[in-house]
Amino acid sequence: MISCLLVEDQTLVRLGLESLLNLSGCIRVTGVAQNGIEALERIKEVQFDVMLLDMRMPELDGLGVLSAMQKLPQPTPPVLIITTFEDCDTLVNAVNLGAKGYVLKSIELEDLIEAIKQVVAGQQVLQKALTDYLLKKQLVPQMVLTTKELQVLKCLTLGMPNKEIAITLNNSDGTIRNHVSQILAKLDVNDRTQAVLKAFDKGLV
């Protein structure tokens, strides 16, 4: 059973999500918070498998929560953002602060359950509608990747860590790290998530 911390300031939305997830048979909402400050208090007290985080909240918003989580000494749960199109401009910052993905509040229940499972399994969840919107707002420089770099990039889009990529492509960990560094440099991005977003936009994968 996946234990979930649900962070949502709107009472009806929070109660509705809690009820639906608890009926899923595989996810149990074991903690709720109405704002970011409460969310940080909950993760200091209890270990959760995943946090379902709203972006717009009083007192401390989603970005504030993600930023504060990076400074906590104890392990923190992976975060899946649940948002609306109006929040799109903040999503890149959220992913850069460690969020594992995002979904729309209009998502179907079975898709939300699957997204939560993917995040708990260590994968990233980038919902296509939002990803397309974000990509249209980003300027992508021209770049040329080698065949091997394209192979590594494809593995990155699948959320694979360096060690798994090394095994898949029959290379050493060090070689893969070098390839990843080259990919980030050529795509003019700071991290793997941004590389994946630009790769989708450029049709590289």
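Which side chain meets that of Glu-149 in a salt bridge? That of Lys-186 does, at 2.9 Å, N to O. Notes on this predicted model follow.

1. Ground rules. This is a predicted model, where local features need pLDDT of at least 70, side-chain atom pairs count only at pLDDT 80 or more, and totals for chains, interfaces and linings use all residues. Residues are numbered from 1 along each chain as its sequence is written, and side-chain values use heavy atoms, with hydrogens and water left out.

2. The opening pair. A salt bridge here is a side-chain nitrogen of Lys or Arg within 4 Å of a carboxyl oxygen of Asp or Glu. Glu-149 lies in helix 7 (residues 147-157) and Lys-186 in helix 9 (residues 173-187), so their bridge ties together parts that are 37 residues apart in sequence. Helices (H or I, at least four residues) and strands (E, at least two) are DSSP runs, numbered from the N terminus. Glu-149 is buried, at 5% relative accessibility. Lys-186 is partly exposed, at 29%. Buried means under 20% relative accessible area, exposed over 50%, and partly exposed in between (1.4 Å probe, protein chains only).

3. By the salt-bridge rule, the count comes to 4. Lys-105 meets Glu-8 at 3.2 Å, N to O. These two are 97 residues apart: Lys-105 is in the loop between strand 5 (101-104) and helix 5 (109-120), and Glu-8 is in the loop between strand 1 and helix 1 (11-22). Lys-105 also meets Asp-54, at 3.3 Å, N to O. Asp-54 sits in the loop between strand 3 and helix 3, 51 residues from Lys-105. Shared partners join Glu-8, Asp-54 and Lys-105 into one network. Side chains of opposite charge can pair when their charged atoms come close.

4. Glu-8 is buried, with a relative accessible area of 1%. Asp-54 is buried too, at 2%. Lys-105 counts as partly exposed, at 29%.

5. Strand 1. Look at this strand next. 6 of its 6 residues are buried, so strand 1 is largely enclosed by the rest of the structure. Ile-2, Cys-4 and Leu-6 point one way, while Ser-3, Leu-5 and Val-7 point the other way. In a regular strand the side chains alternate between the two faces of the sheet.

6. Its partners. Two strands pair if DSSP finds at least two bridges between them. Strand 1 runs parallel to strand 2 (residues 27-33), with 6 bridges. Ile-2 has Ile-27 as its bridge partner there. The chain crosses from strand 1 through helix 1 to strand 2, and this β-α-β crossover is right-handed. That term applies if, with the strands pointing away from the viewer, the path from the first strand over the helix to the second runs clockwise. Strand 3 is also parallel to strand 1, joined by 4 bridges. In strand 3, Leu-53 is the bridge partner of Val-7.

7. The largest nonpolar core. A nonpolar core is a set of buried Ala, Val, Leu, Ile, Met, Phe, Trp, Tyr and Cys residues joined through side-chain atoms within 4.5 Å. The largest has 23 residues; Val-7, Ile-43, Met-51, Leu-53, Leu-66 and Ile-81 touch the most other members. Among the elements giving two or more residues are strand 1 (2-7), helix 2 (36-45) and strand 3 (50-53). Another core, of 19 residues, lies apart from it and includes Leu-17 and Val-103.
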